[in-house]
Amino acid sequence: MAYENGALDATLAAAAGDDPALMHELRGAFVESARRQLDLLKRSRCDGNWNVAAMRLKGLAASFHAEELLVAAENALLSAPGEPTAIRDIETVLSRFSA
């Protein structure tokens with residue numbers, strides 16, 4: 001899957017305007033929030049906690065137009081709690097955002 005950051009960057013640029021420092025700060029906040037939800041997802045041991053973390057991650061991705069993260073979160077929703085493939089997919093996407 002190719003990484004397409006155009007929509008995310010456009011969303012951040014719309015919020016930050018011509019301020020690169022603010023854009024950098026917003027990107028950092030986005031990645032930090034996504035990593036927090038990923039941590040909750042990793043620690044989930046029941047369907048309820050897994051679904052809540054995956055839905056929060058999906059909502060965050062939708063809010064920032066991060067399509068690849070949205071797909072990975074949707075896949076997690078369809079997976080069993082603790083599914084290693086779902087977690088790895090989200091980690092891979094997040095590593096691209098913070099690179």
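Which residues in H4 are buried? Select Glu68, Leu69, Leu70, Ala72, Ala73, Ala76 and Leu77: these are the buried residues of H4. Buried means under 20% relative accessible area, exposed over 50%, and partly exposed in between (1.4 Å probe, protein chains only).

**Before you go on**

This is a predicted model, in which local features need pLDDT of at least 70, side-chain atom pairs count only at pLDDT 80 or more, and totals for chains, interfaces and linings use all residues. Residues are numbered from 1 along each chain as its sequence is written, and side-chain values use heavy atoms, with hydrogens and water left out.

**Stop 1: the whole chain**

Show the cartoon. The chain has five helices and zero strands. Its pattern along the sequence reads α-α-α-α-α. Helices (H or I, at least four residues) and strands (E, at least two) are DSSP runs, numbered from the N terminus.

Colour by burial next. Of the 99 residues, 33% are buried.

Take contacts between residues at least 6 apart in sequence: 58% of them join residues at least 24 apart.

**Stop 2: helix H4 and Glu68**

Go back to H4, residues 67–77. Cover for its buried residues includes H2, H3 and H5. Pick Glu68, which lies in this helix. Glu68 counts as buried because its relative accessibility is 8%.

**Stop 3: helix H3**

Select residues 47–63, helix H3. The expected span of a helix is 1.5 Å times one less than its number of residues. For the 17 residues of H3 that gives 24 Å, and the end C-alpha atoms are 24 Å apart, which agrees.

Highlight Trp50, Ala53, Ala54, Leu57, Leu60 and Ala61, which are buried in H3. Look down the axis of H3: its buried residues fall within an arc of 120°, so they line one face. The arc is that of the directions from the helix axis to the C-beta atoms. An α-helix has 3.6 residues a turn, so residues three or four places apart point the same way.

Helices H2 (20–43), H4 (67–77) and H5 (84–97) are among what covers the buried residues of H3.

**Stop 4: His65**

Step into the loop between H3 and H4, where His65 has its place. His65 has a positive phi of about 60° although it is not a glycine. Most residues other than glycine have a negative phi. His65 counts as partly exposed because its relative accessibility is 42%.

**Stop 5: helix H2**

Select H2. Its 24 residues should span 34 Å, and the end C-alpha atoms are 35 Å apart, which agrees. Buried here are Arg27, Phe30, Val31, Ser33, Ala34, Gln37, Leu38 and Leu41.

Zoom to Gln37 in this helix. Gln37 counts as buried because its relative accessibility is 11%. Leaving aside neighbours within four places in sequence, Gln37 contacts Ala53, Arg56 and Leu57.

Now move to Arg35, also found in H2. Arg35 is partly exposed, with a relative accessible area of 38%. Draw a C-alpha to C-alpha distance to Leu94: 7.5 Å in space, for 59 residues in sequence. Not counting residues up to four places away, Arg35 touches Leu94, Ser95 and Ser98.

**Stop 6: the nonpolar core**

Which residues touch the most other members of the largest nonpolar core? Among its 24 residues, they are Phe30, Leu41, Leu69, Ala76, Ile90, Leu94 and Phe97. H2, H3, H4 and H5 each supply at least two residues of this core. A nonpolar core is a set of buried Ala, Val, Leu, Ile, Met, Phe, Trp, Tyr and Cys residues joined through side-chain atoms within 4.5 Å.

Finish on Ile90. Beyond residues up to four places away in sequence, Ile90 touches Leu38, Leu41, Leu57, Leu69, Ala72 and Ala76.

Methods. Contact means heavy atoms within 4.5 Å.
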